[in-house]
Amino acid sequence: MPCVVGRLGRVGLGLVLLVLLGMLAPLAAGARPAVGSLPPPERSPASTPRGVASGTQVDLLRVASLPLGARAGHAYVLGAVVRNGGSVPTRRRVVVFLLRVGSRPLALGSSAVGVAARSSRAYRMRIRLPRVVADGSYALVACVRRAGTDGGLSCVTAEDHLRIGPGVALPRGRVSADGCSSGARSLSSSGSDLYPETGNGGYSSVHTDVFLDYDAADNLLLPGTHVMLTDQATQCLTDFSLDFERTSTNAKDGPDMSVTSVLVNGQPARFAFVQPTYPGDPNGQNDPDPRAHEASQLNPVGGPENNPFPPACTPELMSTKPGKQDSLDGTQCPANKLVITPAKPIPGGATFTVAVAYSGRPGVHNDGDGTTEGWFRNSQPNDAGSFVTTEPVGSEDWMPLNDHPSAKPTYDFYDTVPLGKTAIANGELVSQTANAPDVNFPGGSTTWHWHSPEAIASYLVEDSIGSFDLTERLAASGIVYYEAQDSSIPKNQAAANQAIMNMQEDIVTFQSMFNGPFPFTTDGVVIGVPSASFEEEMQTQIAFAGGTIDLDTFNHENMHQWWGDNVSEANYNLTFFKEGLATFGEYLYMARNAQSAAGGPGTPAGDAAFENSLIKSFDAAYADTGSLWTAAPSDPHPYTLFSGATTYVRPGIAYIALRRILGAANFAAALQQMQATYRQASITEPELEAGFSAFLPHPTQSCRAELSQFFTEWFDTAYPSGGGENRPQITGPGLDGAGFQCS
Ligand SMILES: [Zn+2]
């Protein structure tokens, strides 16, 4: 069958790559300086959790960036800071690598440095760039062994990446002061009943600097906490908005914060909190009619005779009970829109900064299904801190932002935390800086700087602070892996977690066969203790709640790094698009296990078992006679967005069918094309469908029409209950159902 041949083709390609890598390895090793006591990075060692080491405990705190315009073949001197937290002096070798995803780490140089017990030392080391470096953007990463000769690594990434070859020019907007008006206070279209209160128009979000001063013991963001947003106006703006939930009816775990000042381009700006208005209200965003500001699960809010308008927000349910889902319909939406009026209008096309200072207790958001997401407090004895999982809108319960999945700025995090606490955020760890005692932190503090060179959707921003054991791994694929878990997790469980976390490189390698190269410079896991509502695919820092991690979910969340994270959904109703692909990732994981049991990849029996497993997964779910077919995946309601099989299983098996329709090789090519086209951006449903349609093996008009009908049936149709006739009829070759007729 064509799909089996296609799969063999991919495996064959993988073998060729492995052989090539094997040939390159000795060359690379010969070309680089001695790496001292560090083993080659492909033999990533088992990590030793922070705190386990007895005599010495070494961390790299910072490494300087290469100068702008650094050239291949030249030598440079870099400053670095290393700390020995242990009780005996030590001498360690620090190695500096150049990392680019998809190529082996290049060791640039190393030097041994002696550090006294319980002290830090700044020193300088000489490195040389190789004579030939392929074009691209490279992270400069310095690593040291934390303890002994086989402990985990402590690595830091220089703040600036090294760019070899031509850069990417940023598009420049035309600056215009014509026709100034308010920015839209929603990014949803009229009639949306999925979190229509979130997102803000009139500008695009370019970059965000987050400065948290966090008192872990009392779970408070202290004065000094602020965000600095860099935005670009897409129209001339008299005023614009952000999303920020200062207080909620959840008195125990909800937020209790206040904004103290707002600066636009460094100048004081007026600000006010207002209720959202239903998107598209012809009476404007300040409509005096109270019915324009009501919550509901459905559109319209209360039936034509009551309130005929669409909802302005999704109700913040205090209970997950089905009988309570409509209990807040028709109530007034909370005033969570932070409207900012600068001293003078911002011209269209202009880049501007917004600094919002705030403080108080961050918290969780009660979602439209009654679950809570956001900033979870950990208040166990000796283990105070926080744990962040936020989907779909909980980020606004700990920081002001443009809270919409299509708003994707890049980020820097500067978290100042009590001495001994660890901050875990997205992207690359740049530095840890020790601060002298001050009013906020009488016992001293540490500022953790994390940098995400890649754009992050609103619900994927990670920022957990607590007693985390953090170690790093450096992989042959050029990716840095962060592994963090709460230090209060019992030893046996922590060891079991560690063994699973160590498989991330293997999962990435496997999933790359379908999705293409890993889209970020880092990947990682943070395992927290609080029992949050669910695990979440935080970008490059997958968050596992409740102190444990499991492989099946790990495969699901890691698949999200491509789907949801790198390529995000354009709106909440497309949650099925990325949850379906993550569920497809679970089916791939099952198929991979079947393949291994039957002889492994590349063997006829193994590859047949792989395909048969996918067929079995499809057929088993397709036989459903229950709720799988009674709601359309692209038209979910808040109450069922994350609980319905229509968000997960139905699109998940639709991708199995699509893979059989297109053929395995074409299916993977379609995925990889979409990864490239919509990289660090978001995708709409028509774009998704066109992305697959472009890879039909027989792209005739009738085949395109049948595929279009396939998408309508699988993504957009709600059927009467019962299954059978009342479910999608078009499937794929070799699957139950009518198959795909066009060939
Ligand atoms: Zn998911």
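Modeller: Two strands pair if DSSP finds at least two bridges between them, and strands (E, at least two residues) and helices (H or I, at least four) are DSSP runs numbered from the N terminus. This is a predicted model, in which local features need pLDDT of at least 70, side-chain atom pairs count only at pLDDT 80 or more, and totals for chains, interfaces and linings use all residues. Residues are numbered from 1 along each chain as its sequence is written.

Biologist: In what order do the strands of the open sheet of three strands stand?

Modeller: The order is S19-S20-S21, with antiparallel pairing. Strand S19 (364–366) and strand S21 (383–389) stand at the edges, each with a single partner strand, so one side of each has no neighbour in the sheet. From one strand to the next the twist averages 30 degrees.

Biologist: How many bridges join S19 to strand S20?

Modeller: Three bridges link S19 with S20 (residues 372–380), and the two run antiparallel; Asn-366 stands opposite Thr-372 in S20.

Biologist: How are two packed helices described?

Modeller: One gives the angle between their axes and the distance between the axes. Axes are lines fitted to C-alpha atoms, for helices over the stretch in contact, with angles running from 0 to 180 degrees between N-to-C directions. Here the axes of helix H5 (residues 575–597) and helix H7 (residues 649–662) come within 7 Å and cross at roughly 65 degrees.

Biologist: Which residues make the contact?

Modeller: Residues are in contact if their C-beta atoms, placed from the backbone, lie within 7 Å; among them are Phe-576, Phe-577 and Tyr-587 of H5 and Pro-651 and Tyr-655 of H7.

Key
Contact = placed C-beta atoms within 7 Å.
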